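Subject: Structure for your review

Dear colleague,

Please find the structure below, followed by a short account of what was found in it.

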Amino acid sequence: MKRQITIILLLVATLTVAAQESKCCKSQCGKSVAQQLEQRLRDLRTKGYMMGHQDDPFYGLTWEWDKNRSDVKETCGDYPAVMGFDLGGIEMGDEKNLDSVPFVRIHDELIAHHERGGIVTLSWHPRNPLTGGNAWDVSNDQTVRSVLYGGCMHVKFQTWIKRAADFIETLKDSNGHPVPIIFRPWHENNGSWFWWGEKLCTASEYKALWNMVQDYMSGRGFTNLLWCYSPNLGDITDDSFMERYPGNDRVTLIGLDAYQWGTEQDFISGINANLATLSSFAERNGKIFALTETGLKNMTDPTWWTRVLKPQMDKYPICYFLLWRNYKEEFFGPSPNLDSAADFRKLYEAENTLFLKDIATSNKLNKAKNKSKK
Ligand code: BMA
């Protein structure tokens with residue numbers, strides 16, 4: 001009896017200490033979900049940079065809508081560390097996004113990737129609220145102005161933001177905790193192919209758009225959004241970058257979207273110039289940095305990843321790079337039967353590229369130990 005009482009007392013004491021420790025940790029950490037994600041990105045950066053893929057679990061070059069499939073996994077044996085998803089169409093209350101992916105599926109796969117230890121990012125190609133066209137409808141340069149306070153589309157656009165927020169609010173893990181998300185709206189705004197692009201609004205209108213959406217999301221109480229600002233490959237100087245940069249208090253991650261559309265030489269010189277400018281800005285301003293979209297359309301050069309892209313990425317402190325989607329007519333990722341598959345596996349084998357298994361648990365961070373390499 002005495003022995004039983006002692007055991008019970010010991011158990012109670014242990015549980016009390018554990019409860020206190022967990023409380024203590026919470027208050028000591030005191031970090032929001034987004035701040036914890038930021039810390040995770042900073043920690044992972046010391047191990048290398050992560051590989052990401054847009055729309056990875058929905059379709060590949062040879063399949064559509066199967067569960068648990070991934071062209072990245074089928075090429076190298078592991079999921080990407082980062083998966084990207086797009087909200088375009090949520091603003092209309094559509095069931096499917098602009099690329100025909102059902103939002104229920106985006107919901108499920110985004111959470112599944114988080115729960116398997118991966119990192120997720122959301123972009124948004126909303127339709128043009130003034131003309132009724134798509135995100136690429138640049139026929140009217142009053143669109144941004146029209147959604148701002150006092151504009152003729154303001155009320156309608158508030159509904160659009162609300163619908164995006166309502167969806168984001170559903171992104172919770174199985175314990176009901178919000179999923180940390182890299183949120184990357186209003187991207188490539190130094191180009192003029194989206195209605196929020198450079199020639200379509202003034203710098204102050206652009207910033208007002210950014211602030212309006214960000215303030216709405218903050219007002220909804222979201223603490224799981226890590227805000228990413230990502231211009232496109234182009235003539236970026238410190239001054240031109242600053243013109244539309246929403247501000248250090250509004251951005252945590254600075255990104256660059258950079259595809260090779262023209263010659264290899266132009267891509268290499270352009271991406272180096274931009275990566276140097278932006279990574280240096282990020283460093284000076286305490287921001288993290290990523291190559292938020294990249295790729296060579298249809299992988300017309302089977303060694304592009306390790307011969308052209310990787311040597312450039314190796315020079316700068318990016319925390320991830322994200323290859324765009326494997327849409328059959330325009331694909332940017334790997335697929336097991338393509339000529340480029342061997343090169344992708346080489347990229348995977350590199351010590352400094354991180355895939356899901358490299359980041360899923362901290363004891364798996366040492367890639368050399370984890371992958372049966374070399
Ligand atoms: C673009 C293209 C489009 C697609 C859009 C949003 O770069 O892939 O086909 O609709 O991204 O995913």
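How do the residues of the shell around the ligand divide into nonpolar, polar and charged? There are three nonpolar residues, one polar and three charged, where Ala, Val, Leu, Ile, Met, Phe, Trp, Tyr, Cys and Pro count as nonpolar, Asp, Glu, Lys and Arg as charged, and the others, Gly among them, as polar. The shell consists of Leu98, Asp99, His125, Trp136, Trp324, Arg325 and Glu330, each with a heavy atom within 4 Å of the ligand.

This is a predicted model, in which local features need pLDDT of at least 70 and side-chain atom pairs pLDDT 80 or more, while totals for chains, interfaces and linings use all residues. Residues are numbered from 1 along each chain as its sequence is written, and side-chain values use heavy atoms, without hydrogens and water.

As for confidence, the mean pLDDT (the predictor's confidence in each residue, from 0 to 100) of the protein is 92. However, pLDDT stays under 50 over residues 9–28. Where pLDDT is low, predicted coordinates should not be read in detail.

Yours sincerely

Methods
Contact means heavy atoms within 4.5 Å.
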